[in-house]
Amino acid sequence: MPLPLPAARLCSRAKVYAFQPLPESFARLEEHLRVTRVGNAAAYSEAIAGADGSLSLYTVTGLSGQHRTAGEGADRAGAPIAVRATTLLRVFDRLAIAR
């Protein structure tokens with residue numbers, strides 16, 4: 001079960017923001033939220049990072065759920081995937097989150 005679902009159900013008066021940069025994992029997250037009809041969660045296809053821009057995302061084991069943006073070339077499986085990145089401050093501004 002994707003993590004946003006239990007958080008959204010446990011805190012039904014809260015708004016849950018889920019950020020998933022890997023395209024196939026993001027598609028599964030969106031579908032899961034749609035099917036379960038979770039109304040207080042929203043999914044965004046981007047990474048949270050120290051700066052706005054683009055990141056190279058590597059699948060470490062070749063499995064979609066195991067990915068990262070750091071490490072030496074020898075421990076990376078496959079070609080990197082370019083993903084959009086934004087800062088937490090920018091997210092707070094864009095979504096009008098006060099705290």
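A: F19 is partly exposed, with a relative accessible area of 23%. The model is predicted: local features need pLDDT of at least 70 and side-chain atom pairs count only at pLDDT 80 or more, while totals for chains, interfaces and linings use all residues. Residues are numbered from 1 along each chain as its sequence is written, and side-chain values use heavy atoms, with hydrogens and water left out.

Q: Why is F19 called partly exposed?
A: Buried means under 20% relative accessible area, exposed over 50%, and partly exposed in between, with a 1.4 Å probe and protein chains only. The value for F19 is 23%, so F19 is partly exposed.

Q: Why does G39 count as exposed?
A: The relative accessibility of G39 is 66%, which is over 50%, so G39 counts as exposed. G39 is placed in the loop between α2 (23-36) and β2 (41-44); helices (H or I, at least four residues) and strands (E, at least two) are DSSP runs, numbered from the N terminus.

Q: Why does T87 count as buried?
A: T87 has 17% relative accessibility, under 20%, and therefore counts as buried. This residue is found in the loop between β6 (77-86) and α3 (88-94).

Q: What does T87 touch, not counting residues up to four places away in sequence?
A: With contact meaning heavy atoms within 4.5 Å, T87 touches A49, G50, A51 and D52.

Q: How many aromatic pairs does the structure hold?
A: The structure holds two aromatic pairs. Rings of Phe, Tyr and Trp (its six-membered ring) pair if their centres lie within 6.5 Å; planes under 30 degrees apart count as stacked, over 60 as edge-to-face and the rest as tilted.

Q: Why is the pair of F19 and Y44 called stacked?
A: The ring centres of F19 and Y44 are 5.1 Å apart and the planes meet at 20 degrees, under 30, so the pair is stacked. F19 belongs to strand β1 and Y44 to strand β2, so this pair ties together parts 25 residues apart in sequence. Y17, F19 and Y44 form one aromatic cluster.
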